[in-house]
Amino acid sequence: MKQVRTTCPYCGVGCGILASPDGRIEGDPDHPANFGRLCSKGSALGETLDIQGRLLAPQIGGRRADWTAALDLVADRFTAAISQHGPDSVAIYGSGQLLTEDYYVANKLMKGYIGSANIDTNSRLCMASTVAGHKRAFGTDTVPGTYEDLDEADLIVLVGSNLAWCHPVLYQRIAAAKAARPALRVVNIDPRMTATSALADLHLQIKADSDVALFNGLLAHLVDTQAIDLDYLNNHVVVCRDAVAAARQSDPRDTGLTPQTLQQFYQLWAGTPRVVTVYSQGVNQSTSGTDKVNAIINCHLATGRIGQPGMGPFSVTGQPNAMGGREVGGLANMLAAHLDIEDADHRAALQAAWQSPAMCTKPGLKAVDLFKACADGRIKALWIMSTNPAVSMPDAPAVADAIRNVPFTVLSDMMARTDTGDCVDVLLPAAGWGEKSGTVTNSERRVSRQRAFLPIPGEARPDWQIICDVAGRMGFDGFDFAGPADIFREYAALTRLSRQFGKDLDLTPLANADYDALPPTQWPVGQSPRFFADGRFFHADGKARMIALKTPALTTPTFRLNTGRIRDQWHTMTRTGKSATLGAHLAEPYAEIHPSDATVLGVAPADLLALGDGQIFRVLISDRVAPGTLFAPMHWTRQTATSGLVNSIPAIGVDPVSGQPALKGAQVTATRF
Ligand code: SF4
């Protein structure tokens, strides 16, 4: 049977896979993201390919319908809402699971034809704070470094990232680098001791959300010890007013670390030129997420440690195509090709390129606000694609009610029964991984093909085709694509606008490439793989910005609930839940609690604990979490568990800059059940 080169559908590492129609899965030894390595989730993909539970035909009101009726209905109801209530009365909520081609046509439809930017995505829950931090510091959403920097660094600082479970192949890469070069130092900064901590020379178990205090303290230390690079600062950075003064006003003791430990970390960082700071959801999913990102970047800019081998801040994305989504303007506050939605010239150039009848004029509703608008009646038609917000959004029961409150709702999905599917009027069956073709971009800006190797089951269709079919029925031209290759060519050619406006994203060399044979390709194409090697950034003056950052007031709730992934499950388990191998790792929802808190609450191992308004979790007692904190995984849904749903626990905030929800910051009560 013919083996096909494709890319893993799970995390943002973007591993290459050799897949066969009989379900054999191997790591692709030639893919630069993984060189043949796979983690447990990638290795078990062959166990998840059956069509059990799949949505195989459209449904209207819970009854089977044909495609013509379903597509006509969607187009008619969206058109009617727009004509009666205006373009901002409709919305799309997408996903970092969508392929770039799907994402591109969805954004083209909403922003360039309907004329609203009410299209957001579950990437808002993942890395919106990084996007906002990058734009503040660099002038555009640019990831400076590459995975090779992990091989070349002398110090790797992992902040808010359980890489061993959430980006396992990168963890393996760092472990291999450390085995080959024992002098490589690894520091793990996390309120929780995780599987990643085992690799660390130093684990800084900081208080939750004290990251800004820690890195502001580092900046002050760099200034005080003359470890900053004055030449670099003078030539390449605008130090925003009070940036250093604000850093000095922070008290690093807010981290809960001893002065000795702080000095140990600060001296190690200051004394090691080749340092990469890797960060993930512990940074992003916070009410101060954007400030945390900039606190890290500030230290790299102050020392000129960016754009050079083995140096730089490095965001690792959670989803397989969060990066591709960012590139095509997948968030409500972005345009395709990294153009700025607030810039009238950018909007006009994009509209001219599309020759489209309309163009959004302002940023749209970000995820949390989008579902609030559903709840209060502003949204009249909603289309959800490839994601499960009725269980994955914070305050999920309220989000489910909000979806039900919208007069007309559509879900495109692979699966017949999901928590979100139970709330909508129309279900459209979507092709899944292995069945459809397209591209994804991984955390180091590498565009990689997903290729089909399985037949599409039932009447399912690729997302791009469903979106284009609806657009055509709404009377829009510009969606007459023969296939994903056609879409990719249009998008790649469009990125000339990014270069025209002095931005970073240029895929034009791929516009005429052989799409079928496209090898994994990092952008900028054919140039040095690192950005900022020449000290030029994307603000109008060519300089980066060091931002003044205040330390947020830290709250002391009854318990602070930290949430996240476990090693062998992915998101809401619609795919990984099919694998018995993966299910054997951790079989039910649990809450990890410190022994001292367990004593106070009177709970023993394997007892049950009620959190918030009554979600029940199995007790796991461990000093990996700090007193006053709990950890619970995010994966279980109403389809897979009767309780233990972390996002059913309400009352979390959002980052005021990025709009990203603080999914690791719920304040909860806990009682023995
Ligand atoms: Fe897939 Fe991520 Fe595992 Fe690689 S590390 S195999 S991309 S889940």
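**Entry 1: the ligand**

I call a residue near a molecule or strand if its C-beta atom, placed from the backbone, lies within 6 Å of it. I worked on a predicted model, where local features need pLDDT of at least 70, side-chain atom pairs count only at pLDDT 80 or more, and totals for chains, interfaces and linings use all residues. Residues are numbered from 1 along each chain as its sequence is written.

Which residues come nearest to the ligand? I found Cys8, Cys11, Cys15, Cys39 and Gly42, out of 14 residues around the ligand. Helix 1 (40-43) and helix 7 (168-180) are the elements that give two or more residues to this shell. I took helices (H or I, at least four residues) and strands (E, at least two) as DSSP runs, numbered from the N terminus.

I then sorted the shell by class. Ala, Val, Leu, Ile, Met, Phe, Trp, Tyr, Cys and Pro count as nonpolar, Asp, Glu, Lys and Arg as charged, and the others, Gly among them, as polar. The shell has nine nonpolar, four polar and one charged residues.

**Entry 2: the domains**

I looked up the domain assignment. The bounds come from an automatic or database domain assignment. The chain has domain 1 (4-48), domain 2 (65-117 + 324-424 + 455-517), domain 3 (129-309 + 542-546) and domain 4 (559-672).

Why does the ligand lie between domain 1 and domain 3? Both domains give residues to the shell around the ligand, so the ligand lies between them.

Next I checked domain 1 against domain 4. Their C-alpha centres lie 29 Å apart. I counted two residues as in contact if their C-beta atoms, placed from the backbone, lie within 7 Å. Six residues of domain 1 are in contact with nine residues of domain 4. On the domain 1 side, these divide into two nonpolar, two polar and two charged.

A residue is buried if 20 or more other C-beta atoms lie within 10 Å of its own, exposed if 12 or fewer, and partly exposed in between, with C-beta atoms placed from the backbone.

Strand 15 (residues 408-413) has six of six residues buried, so strand 15 is largely enclosed by the rest of the structure. Strand 14 (residues 381-385) has five of five residues buried, so strand 14 is largely enclosed too.

In a regular strand the side chains alternate between the two faces of the sheet. I followed this in strand 15. Phe408, Val410 and Ser412 point one way, and Thr409, Leu411 and Asp413 point the other way. In strand 14, Ala381, Trp383 and Met385 point one way, and Leu382 and Ile384 the other way.

Then I traced the partners. Two strands pair if DSSP finds at least two bridges between them. Strand 6 (residues 90-94) joins strand 14 by four bridges, and the two run parallel. Val90 stands opposite Ala381 there. Strand 14 and strand 15 pair in the parallel sense over five bridges. Leu382 stands opposite Thr409, and Met385 has Ser412 as its bridge partner. Four bridges join strand 15 to strand 16 (residues 426-429), again in parallel. Ser412 stands opposite Leu428 in strand 16.

I found an open sheet of three strands in the order 17-18-19, with antiparallel pairing. Strand 17 (438-441) and strand 19 (521-522) stand at the edges with a single partner strand each, so one side of each is left without a neighbour in the sheet. Two bridges join strand 18 (residues 446-450) to strand 19. Arg446 has Gln522 as its bridge partner in strand 19.

I moved on to the loop between strand 19 and strand 20 (544-546), where Pro524 sits. A cis peptide bond joins Trp523 and Pro524, with omega about 10°.

**Entry 3: two positive phi values**

Phi of His338 is near 60°, a positive value in a residue other than glycine. His338 is in the loop between helix 14 (322-327) and helix 15 (344-354). Is His338 buried or exposed? His338 is buried, with 24 other C-beta atoms within 10 Å.

Gln355 also has a positive phi, about 50°, although it is not a glycine. I placed Gln355 in the loop between helix 15 and helix 16 (367-375). Gln355 counts as exposed because it has 9 C-beta neighbours inside 10 Å.
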